Amino acid sequence: MLKDITLGQFFPGTSLAHRLDPRTKILLTVVYIVALFCAESFVSYGLMVALLITGVKVSGVAPKALVKGLKPVLFIICFTAILNLFYTPGEILVQFWVLKITKEGIFTAFFMALRISMLIMGTFLLTYTTSPISLTDGLEALLGPLKKVKVPVHELSMMMSIALRFIPTLIEETDKIMSAQKARGADFESGSLLDRAKALVPILVPLFISAFRRADELAVAMECRCYHGGQGRTKLHVLRYQPRDYVVMGAYAAVLAAVLVLARFGL
Amino acid sequence: MADTIIKMEDLAFSYPAEEGNVPLAALNGVSLSIERGSFVAVLGHNGSGKSTLAKHMNAVLLPLGGKVWVDGMDTCDENLLLEVRRRVGMVFQNPDNQIVANVVEEDVAFGPENLGIPTEEIRQRVDAALQAVGMEEFVLQAPHHLSGGQKQRIAIAGIIAMEPACIVLDESTAMLDPSGRREVLDTVRRLNREKGITIVLITHHMDEAALADRIVVMDGGRAVMDGAPKEILTRMAELRAIGLDVPHTVELLYGLREDGFDVPVDALSVEDCADAIVAALAPRA
Ligand SMILES: Nc1ncnc2c1ncn2[C@@H]1O[C@H](COP(=O)(O)OP(=O)(O)OP(=O)(O)O)[C@@H](O)[C@H]1O
Ligand SMILES: [Mg+2]
């Protein structure tokens with residue numbers, strides 16, 4: 001059952017969104033987030049919604065999958081919206097006891113909820129259409145200049161890709177240990193929170209021990225295959241921007257510019 | 001001399017002792033030459049020093065006493081480290097703990113990438129290596145979806161992509177089911193025969209050792225026997241004394257001999273053994 005959990009979910013595909021260079025997609029996601037925070041009016045939000053919908057259409061990802069991604073943060077969205085609803089000063093519409101709802105409150109609450117949801121859906125669109133490997137490759141390439149100021153970019157991206165490689169292995173192992181403990185009468189589902197936390201100890205201890213052993217063996221195996229850091233390393237897949245990357249980046253830049261200009265005129 | 005790929009001379013090694021204890025020697029003066037293109041099996045019970053010996057073959061461990069040369073290169077020379085490791089690849093026991101990437105082709109490319117091979121050539125090497133182990137249709141698979149035997153073949157491909165002269169397998173079949181074991185053994189035998197890659201197979205299984213051209217038996221950090229399988233595997237009393245079993249076929253033939261049948265004891269494979277028994281029975285019938 002634990003196997004069903006997939007972190008940084010990826011839906012393989014061949015759409016334009018899948019074929020874009022990972023660097024392009026990471027940059028666009030950043031631009032998209034910045035634009036979201038600059039947008040202040042119906043018009044600019046309309047533009048952003050249009051952009052998101054276009055993105056979803058192009059990627060071929062089922063909108064349902066995106067909405068599902070919102071579920072875990074639903075509470076935060078509602079909480080922020082409600083806070084904004086009651087605590088924004090302005091023209092009072094309804095009032096009972098100390099709670100008052102203002103016209104400005106309604107607007108801010110609505111935009112807040114919309115902003116957070118769109119932020120999450122936008123980032124999910126990135127992870128849904130980019131495999132974890134190209135994501136790490138893209139990050140390594142984009143952060144490359146930081147190597148000059150001694151940031152261990154290669155090491156960080158190597159750690160990230162090894163972590164991604166071992167997630168399924170460790171999940172499988174957790175599953176096995178849990179079954180073994182259940183067979184010995186362990187109970188993970190009932191009892192107080194404290195009881196359940198305690199029941200996790202016999203899972204975590206063997207899991208950690210085995211993770212350390214794996215790390216040790218993997219390190220030797222990597223050495224045997226001539227790993228000696230990022231120096232002089234070449235790659236099987238070299239990232240190259242294609243014309244489509246420039247076109248899409250241009251389109252995004254135009255939308256960002258439009259949002260900024262609109263914000264300037266208070267729209 | 002020219003065609004020795006790995007040469008060890010009076011090799012000694014002990015792991016750093018825990019506090020208060022005297023370090024125990026894991027290797028105790030091993031001298032061994034492995035010929036290029038040969039298929040050598042190393043036998044020995046638990047703790048006899050097999051893995052320690054293997055790790056000296058590609059400079060993962062460095063000798064405390066004696067010397068090791070790989071293709072004429074002293075493994076203690078730090079400048080030659082990468083070249084030594086490129087020539088002698090190592091496959092370990094647990095397939096999960098030696099796969100680095102989560103796509104098969106990326107994993108096979110890991111070694112060549114570390115060696116700084118140009119991109120186009122890495123592509124060719126990856127494809128050729130996967131072909132050599134018969135896994136070419138799995139290029140884009142996630143390794144955790146493969147069987148144990150398939151994972152080990154990917155690990156072997158990852159080494160072949162470095163174009164090594166020798167592959168050392170440290171109990172690489174121990175965690176596999178019989179079909180996975182056969183997959184791996186067939187693969188290494190083919191690589192040995194067709195590509196002339198030297199194979200050092202460390203194992204607990206007598207029937208696997210019987211496939212080799214030569215068997216080295218380790219005990220207490222020493223190489224105590226060294227010879228052709230037919231010679232080694234029939235020394236039942238000596239093998240038993242150091243905690244090893246003889247193949248079932250040999251055991252059967254010994255038993256028949258004791259009962260007065262005139263059979264040879266060095267028919268190792270099941271087929272040879274059956275033939276020998278039939279031949280021995282024929283005159284009576
Ligand atoms: N990392 C280590 N630290 C300390 N001692 C070790 C270490 N690895 C092995 N030893 C010891 O060195 C000796 C030889 O071990 P080695 O692993 O080479 O044996 P082996 O023949 O490979 O055994 P197995 O069949 O169990 O794999 C043993 O006594 C063992 O306890
Ligand atoms: Mg061992």
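Modeller: A polar contact is a pair of N or O atoms within 3.5 Å; within protein, one must be able to donate a hydrogen and the other to accept it, and residues adjacent in sequence count only if both atoms are side-chain atoms. The side chain of Arg86(B) reaches the backbone oxygen of Met162(B) at 3.0 Å. This is a predicted model, in which local features need pLDDT of at least 70 and side-chain atom pairs pLDDT 80 or more, while totals for chains, interfaces and linings use all residues. Residues are numbered from 1 along each chain as written, chains are lettered from A and ligands numbered from 1 in the order written, and side-chain values use heavy atoms, without hydrogens and water.

Colleague: Why is Arg86(B) called buried?

Modeller: Buried means under 20% relative accessible area, exposed over 50%, and partly exposed in between (1.4 Å probe, protein chains only). Arg86(B) has a relative accessible area of 19%, and is therefore buried.

Colleague: What makes strand β7 of chain B largely enclosed?

Modeller: Strands (E, at least two residues) and helices (H or I, at least four) are DSSP runs, numbered from the N terminus. Five of the five residues of β7(B), 166-170, are buried, so the rest of the structure largely encloses this strand. One side presents Cys166(B), Val168(B) and Asp170(B), the other Ile167(B) and Leu169(B).

Colleague: How do you know that β7(B) pairs with β8(B)?

Modeller: Two strands pair if DSSP finds at least two bridges between them. Five bridges join these parallel strands, and Ile167(B) stands opposite Ile199(B).
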